[in-house]
Amino acid sequence: MSQISIKAVKKVFQKTEVIHGVDVEIEAGEFVVILGPSGCGKSTLLRMIAGLEDISGGEIAIGGKVVNQLEPRERGCAMVFQNYALYPHMTVRQNIGYALKVARVPKAEREARVLKVAQAVSLEPYLDRRPAELSGGQRQRVAMARAMVREPKVFLFDEPFSNLDAKLRVAMRAEVRNLHRSLGVTSVFVTHDQTEAMTLADRLIVMNSGYVEQVGRPSEVYHHPASLFVADFIGSPAMNLVRGFFGEDGYFRHGKGGMLNLPDLAKAHLSREVSIGIRPELVRRVDASHKDAIAAVVDYTEELGASRLVYARVDGSPIIAVDDGNNALGTGMPVHFAMSESDIHVFDHTTGRRADHAGRPVRATDSVSA
Amino acid sequence: MIERSPFFDAVTYAVMIIGLAMVIFPFWVVIVAASQSLHEVSRVPIALWPSDQLWVNLAEAWDRGGLGTKMTNSFIVAVGVTVGKITLAAMSAFAIVFFTFRARMVCFWLIFITLMLPLEVRIVPTYAIAANALLPFQTILDTVGITWLVQQVSGFQIALNWNLLNSYTGLILPLVATATGTFLYRQFFMTIPDELAEASKMDGASAMRFFWDVLIPLSRTNMLALATIMFVSSWNQYLWPLLITTDRANFGTAVMQLRFLIPTMNGTPDWNVTMAGALIIMLPPLLVVALMQRWFVRGLISRDK
Amino acid sequence: MERRAVYRNKVLPWMLLGPQLILVLVFFYWPTSQALYWAFTLEQPWGGGNLWAGLDNFLYIFRDNRYWGTVLRSAFYAMCTTGLSMLVALTLASFVDRALKGTKIFQSVFIWPYAIAAPAAGVAFRFIFSPEAGLVGGINEIWPGIWDPSTNGIQALGMVIICHAWLGIGYNFVFFLAALQMIPRSISEAGAMDGARPLQRMFDLQLPLIAPTAFFLLIMNIISSFTDSFGLIDTMTEGGPVGQTEVMVYKIYVDGFKGLDYSGAAAQSIVLMLLVIGLTFIQFKWVERRVHYN
C-alpha cells in the first residue's frame with residue numbers, strides 16, 4: 001500500500017488553475033523529490049499534502065486515509081520550511097519541543113525526546129540558545145530536529161537548503177540522506193536544484209507549469225526523459241536538441257541545410273516534425289577521417305579541468321560536446337564529432353512528448369516500476 | 001561623518017544649548033517657583049534660583065488639590081486605558097490579520113475610521129452617550145420592535161440604562177474605543193512571516209495557541225512601546241475627565257485639578273503652590289518618557305506613521 | 001495584506017473583534033450619528049422631541065460673525081503654532097543628527113515637552129507670562145501696564161501660541177530626527193563629494209528627502225492645534241479676554257456645555273469633523289505616494 005496517494009489533484013488560485021490534475025503514488029519509506037523550475041507548482045503540491053493549502057480538486061490520502069478535510073496537525077506530517085520558520089523568541093529546546101508541548105506530552109518524556117533528537121543532529125551544545133544566535137547550518141538542523149521530534153509518518157521539505165552556501169548544502173544533503181536511511185520515514189522533498197534532486201531521490205517527480213512531466217528513478221529520468229521539457233531541464237550542460245524532420249533517404253534535415261545520417265530512426269519517424277536530442281557527453285570528438293564524422297566549427301570552449309566543453313556549430317545548429325582530449329581548440333577552428341544512433345532521443349515536436357524507438361509516446365503519469 | 005570642522009562643531013553645540021535652554025526653561029521655572037516662599041515668588045523680577053520651600057509647597061499643593069485621591073484616580077485611569085487598549089488592540093488586530101472571514105475588510109474600516117476623529121472633536125455627542133451608554137442598544141431594540149414585543153408578551157418594559165458619569169468606566173472606556181493600538185498591532189502582525197504561522201500549524205497548535213505562544217511573546221517590544229504612549233496620553237487627558245466628572249472630590253483626575261490650583265483673581269497669588277502642584281502632576285508621564293525613551297520613541301513613530 | 005497562512009473560523013474572529021467593535025459602536029459611531037441628528041434638528045424648549053431644522057443650524061452659525069472670527073482665529077493659531085514648532089524642532093533635529101559627542105543628552109531632553117499635559121504647560125506658562133509675577137511681567141516695572149494678557153487679546157493669543165508651539169517641539173523633534181536618521185549616510189557623503197557645503201546639502205538633499213515627514217507633521221500639527229488647544233486655553237485664558245482666544249474646539253465646549261445649545265454645538269462639531277476628516281484624507285492620499293529608500 002502506498003503511503004501518500006495523490007489522485008487528480010488540482011489547485012485553483014483566484015480562478016486560475018495552477019495545478020492541473022496530478023496523480024502520484026508515493027511508497028512507504030520512499031524518498032521522493034519534486035523537481036521543477038520556480039512557479040511550476042511544486043511547493044503548492046507539497047503544501048497541499050501538508051494541509052497548509054486547500055485542495056481544489058481530487059484527493060490526497062496519507063496512509064490510506066483521505067486527508068482533504070483534515071487540519072495539518074491531524075495528518076501526521078512534519079515540515080521543514082525554506083526559511084526554517086523557527087520561533088525567534090524560543091530557545092532551541094523550546095522550538096524543538098513545541099509540538100510536543102502542544103500535544104500535551106508529559107514534561108519528562110518531552111525533555112528526553114528533545115534531547116534524543118538534538119543528539120541525532122548534533123545540536124546538544126546549543127539547546128539553550130535562541131535562533132538568532134545560531135549559524136545558518138545550525139538553524140537548518142533545528143528545523144529538522146523540530147520535524148523529527150514528532151516521529152511523523154511523513155517528512156516534508158520545502159527547499160530547505162536554498163539559504164545555505166554551496167559547501168554546507170552538500171554536507172546537509174548527506175546528513176538528510178543518512179537520516180532518511182536510519183529513520184526510514186517517507187519523505188517528500190521539493191527543490192529546484194537538480195544536483196540536489198538527483199543525489200537525494202529514490203524517485204523524482206519532475207513538474208512544469210502545473211503538470212507532472214515525468215516520474216521515475218533519477219537515472220531513468222536522466223537517460224529516458226519523457227518529454228522535451230525534462231530533456232532540456234535535467235542535465236548540465238543541457239542536452240543538445242535540434243528541430244527538423246526525417247526524410248525517406250534516411251537523413252535527418254535541420255538548420256540551414258544540415259543533414260545527419262540516421263537511417264534507423266528515420267525509418268521509425270518518417271517525415272515527422274520532431275526534435276532530436278543527445279547528451280553532450282555522448283557526442284564524441286573524432287578525426288576528420290572517421291566514417292561518420294560530422295564537420296563543425298568551434299564557437300568557444302569552456303575549460304572544466306578534467307575535460308572541456310566545446311560549443312560549436314553544425315550547419316548553423318549549435319552543439320555542445322564534452323571533450324577530454326588534450327589538444328586545445330580555438331574559436332573558428334574546424335572540429336569533427338560522431339554519435340551513435342542509439343544514444344539519440346526523439347521527441348514529437350507538436351506534443352513535446354517522447355517518441356521512443358517504437359513510436360509509442362510515453363505518458364506523463366507512467367510510473368516506471370523499480 | 002563629514003565636515004568635522006571645529007567651527008561647525010561649535011555652532012552645533014551652540015544651537016543645541018540654546019534649544020536645551022528653550023525646552024528646559026519652563027521646567028526650570030516650575031521647579032524654581034515651587035521651591036520658593038510666597039514672598040520670594042511674588043518678587044519682581046523673580047530670582048531664577050531654587051529656594052528651600054520645596055517640601056512645604058509640595059505638601060501644601062498635595063493637600064489643597066486633594067492630590068492623594070486624584071493621583072490614584074489618574075493612575076487607575078491611565079493603567080485601565082493602557083491595559084484595555086493593548087488587550088483589545090492585540091485581539092482585534094489578530095482577527096483582522098490572521099483570519100479570513102467575509103466581513104474582514106468591513107471590520108477593518110469600521111475600526112480604522114475612528115483614527116480620523118480625535119475625542120476632542122466629537123466631544124459633545126460623546127458626552128451625551130455617557131449619561132446612558134446602553135442607549136444605542138435601546139434604540140436598536142425599540143426600532144426593531146423587540147421592546148414592544150417583550151412588553152406585549154411579559155408586560156415588562158425594557159429600559160436599558162448605564163450611566164457612566166462619575167465612574168472609572170466612564171473615564172476609561174471612551175478612551176479605549178479608538179484604533180491607535182490596533183493599528184500598531186496590525187503593522188507588527190503584518191511583518192510576521194507566514195511560515196511562522198504555518199510551522200505552528202504543523203506543530204499542531206490552534207489559532208489561539210499561536211496567538212498566545214508565538215504572537216504575544218514576539219510583540220513584547222511593541223506592547224511596551226504602546227504601553228508607554230498610552231499611559232502618557234491617558235494621564236494627560238483633560239477635556240473628557242472634566243466633562244464626565246461632576247463629583248470632582250471622588251472621581252477627579254490629577255490633570256483636571258490643575259485648573260483649580262491657579263490663584264484666583266482676588267486671592268493670594270501663591271504661584272509657588274500652583275507650581276508645586278504642576279510639578280507633582282507632570283512628573284509621572286515625564287518619568288515614563290525620560291526613563292523609557294527608547295520604547296516611547298519607537299511606539300510613537302510606529303503608531304502615527 | 002493577503003496572507004497565505006490564515007485561519008478559517010466562523011466564530012473566533014467575531015469573539016476577538018467583538019469588544020472593540022462594541023466600544024467603537026457605542027463611543028464613536030453612535031455619538032457621531034447623534035451629532036448629525038442634532039445638527040439637523042432643533043430641540044424644543046418645552047420638550048416634545050426635536051424638530052427637523054434642515055440646514056438652519058448651519059446657516060445660523062455661518063451667519064454669525066463671532067463664529068467666523070473663531071474660524072479665522074483657529075486658522076491663524078494653527079499656522080503660527082505649526083510653523084513655530086516645526087521650525088524649532090527641525091533646526092534642533094538637524095543639528096542633533098550630526099551625532100557629535102554628548103548629543104544623546106540633548107536628544108532626550110528635546111523630547112520631554114511631549115510628556116507634559118497641555119493644562120500643566122498652560123499653568124506654567126500662565127505664571128511665566130503673568131503680568132503680576134516677576135518673569136515677563138517684570139517688563140511692567142519699566143513700562144507700567146505694557147504687558148497684560150488678561151486685557152490685551154493679541155498678547156493673550158500670542159502667549160497661548162508660544163505655549164502650544166513649545167508643547168509640540170518634542171513630537172516634531174522625534175519625527176524629524178527619525179526621518180533624518182533614515183537617510184542613508186552615503187547620500188550626504190555623495191553630496192559632500194560633489195562639493196556641497198553642509199547648509200547646501202541640508203536644502204538640496206536632506207530637506208527634499210524628509211519632505212514626506214514634514215508634510216505628515218504639518219497635518220498632525222494642524223489637527224493637534226484643533227484638539228490639544230483646549231487644555232491650554234482653558235487653563236491660560238478661558239477664551240478671554242472677551243472671546244479673543246476662543247478657537248473652534250473651545251467655542252464648541254462653551255456653546256454646548258455652558259450655553260447648552262446642543263444643536264449649535266453639534267453643527268459646529270460637524271464642521272470641525274469635516275475639516276479634520278479632510279485633513280486626514282489628504283494625509284492618507286499622500287502616504288500612498290511617500291518615497292521609500294532602504
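Two residues are counted as in contact if their C-beta atoms, placed from the backbone, lie within 7 Å. The views below show a predicted model, in which local features need pLDDT of at least 70, side-chain atom pairs count only at pLDDT 80 or more, and totals for chains, interfaces and linings use all residues. Residues are numbered from 1 along each chain as its sequence is written, while chains are lettered from A and ligands numbered from 1 in the order in which they are written.

**View 1. Contacts and burial in chain B.** Of the contacts in chain B with a separation of 6 or more, 75% are between residues 24 or more positions apart. Buried residues (20 or more other C-beta atoms within 10 Å of their own, with C-beta atoms placed from the backbone) form 49% of the 305 residues of chain B.

**View 2. Secondary structure and extent of chain B.** Chain B has 18 helices and 1 strand, taken as DSSP runs (helices H or I, at least four residues; strands E, at least two) numbered from the N terminus. Its radius of gyration over C-alpha atoms is 25 Å, well over the 19 Å of the globule rule (2.2 Å times the number of residues to the power 0.38), so chain B is more spread out than a compact globule. The C-alpha trace of chain B spans about 75 × 65 × 30 Å along its principal axes.

**View 3. An open sheet in chain A.** Five strands pair in the antiparallel sense in the order β13-β12-β11-β14-β20, pairing being assigned where DSSP finds at least two bridges between two strands. Because β13 (258–261) and β20 (345–348) of chain A each have a single partner strand, one side of each is left without a neighbour in the sheet.

**View 4. The pairing of β14 and β20 in chain A.** Strand β14 (residues 273–278) of chain A pairs antiparallel with β20(A) over 4 bridges. Opposite A:Phe347 in β20(A) stands A:Ser275.

Terms used. A residue is buried if 20 or more other C-beta atoms lie within 10 Å of its own, exposed if 12 or fewer, and partly exposed in between; C-beta atoms are placed from the backbone.
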